[in-house]
Amino acid sequence: MSAVLGIDGGGTRTRASIVDGERVIAFGENGSIKRLRVGAEIAEENLRALLKDVFTQAGLHSVKAASAGVASATMPGVTEWITAVFDDFGVERSEVVGDEVIALDGAFKGGPGILQIAGTGSNCIGRAPDGGRESAGGWSSRLGDEGSGYWIGLHAVRRALRALDREEPTGVLEVVGELWGTKTIEELVNLGDSTPGPDFAALAPAISQLAEEGDAVAMGVLGQAATDLVESVLLVRAKLRRKHKLAAEVPVAWIGSVIGKSHLVREQFFAGLHTAAPEMPIGETEVAGIEGAVWRAQQLASH
């Protein structure tokens, strides 16, 4: 048996799959294993529970290799604790990489291409035919992540407060107040400015709904998000061309709920890319990061 394990540890949920050859023999989902989000103790509990689930489903006590893509792979100690848990579950060889790495391989299986990530956070990463990589964005929720769910939530509140000053109509503050349980603007501002702050990314679906209903502030924020995401892709494309002698167009793929669930953002994202680079192929469907994790685990097992 040559079973391998792939793990996709995004910001809000974790997926695991055990695959033997072409056959998926176990699949499970659990809460986040991102320590920054849920704390070290809960992250470990979630990981162990998920692994117990998939190993039981598969009827296995060990696997040849595992690849885990996690949003916080570069944080001190993260690789070590995940590797230690893998050891407890009989994983022979393993790696811990960024979730953007497994997403890139979910899309392109080691080949060239550009991936725009737009979920809770955002990041654009491209790989040239020579294997060289270029990126744009991904500089964290406070310092960057333009076009992400967090960015949409934060900037919707900011723009809505400006609209309030100008006595311009918007439903954003009312909807955010309902979601946050605040009764006055003062309470809303105090909560929004608190440390640690509220989950701004959780506001994105409501902002998207308001935009669908024609709310000017919400529409403006989503329009800017789409513009920023297009700009990231074109920047990575330009870097690949300049620094890696890339002449032909490489395909573009995407992952994340901002493009996946907001059709206003998706339409403007596709339209912006088609206008700027008509020959560039763009994937119609969302990439599955877990597929990249499994593919990487299979590469590990075969070397």
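Here are a few exercises with worked solutions on a predicted model.

**Exercise 1. Work out how the rings of W180 and F200 are arranged, and which parts of the chain they join.**

Start with the geometry. A pair of aromatic rings is described by the distance of the centres and the angle of the planes. For W180 and F200, the centres sit 5.6 Å apart and the planes meet at 75°. Planes over 60 degrees apart count as edge-to-face, so that's what we call W180 and F200.

W180 belongs to helix α6 (residues 172-180), while F200 is in the loop between α7 (185-192) and α8 (204-212), so the pair ties together parts that are 20 residues apart in sequence. Both W180 and F200 are buried.

In total, the structure has four aromatic pairs.

**Exercise 2. Classify the pair F269 and F270, and decide whether each residue is buried or exposed.**

Geometry again: the ring centres of F269 and F270 are 6.1 Å apart with 70° between the planes, which makes an edge-to-face pair.

Now the accessibility. The cut-off for buried is under 20% relative accessible area. F269 comes in at 0%, so F269 is buried. F270 has 11%, so F270 counts as buried too.

**Exercise 3. Find what the salt bridge between K243 and E134 ties together, and how accessible its two ends are.**

First, the contact: the closest N and O atoms of K243 and E134 are 3.1 Å apart. This is one of eleven salt bridges in the structure.

Then the location. K243 is in helix α9 (residues 216-243) and E134 in strand β8 (residues 133-136), so the bridge links parts that are 109 residues apart in sequence.

Last, the two ends: K243 is partly exposed at 46% relative accessibility, whereas E134 is buried at 10%.

**Exercise 4. Which salt bridges does E249 form with R237 and R241?**

Take R237 to begin with. E249 and R237 meet at 2.7 Å, N to O. E249 lies in the loop between α9 and β9 (252-255) and R237 in helix α9, so the pair connects parts that are twelve residues apart in sequence.

Now R241: the N to O distance between R241 and E249 is 3.3 Å.

To finish, check accessibility. E249 is partly exposed at 25%, R237 is buried at 16%, and R241 is partly exposed at 32%.

Note on methods
Residues numbered from 1 in each chain as written. Predicted model: local features only at pLDDT ≥ 70, side-chain atom pairs only at ≥ 80, totals over all residues. Heavy atoms only, no water. Phe/Tyr/Trp six-rings, centres within 6.5 Å; stacked < 30°, edge-to-face > 60°. Helix = DSSP H or I, 4+ residues; strand = E, 2+ residues; numbered from the N terminus. Buried < 20%, exposed > 50% of the residue type's maximum accessible area, 1.4 Å probe, protein only. Salt bridge = Lys/Arg side-chain N within 4 Å of Asp/Glu carboxyl O.
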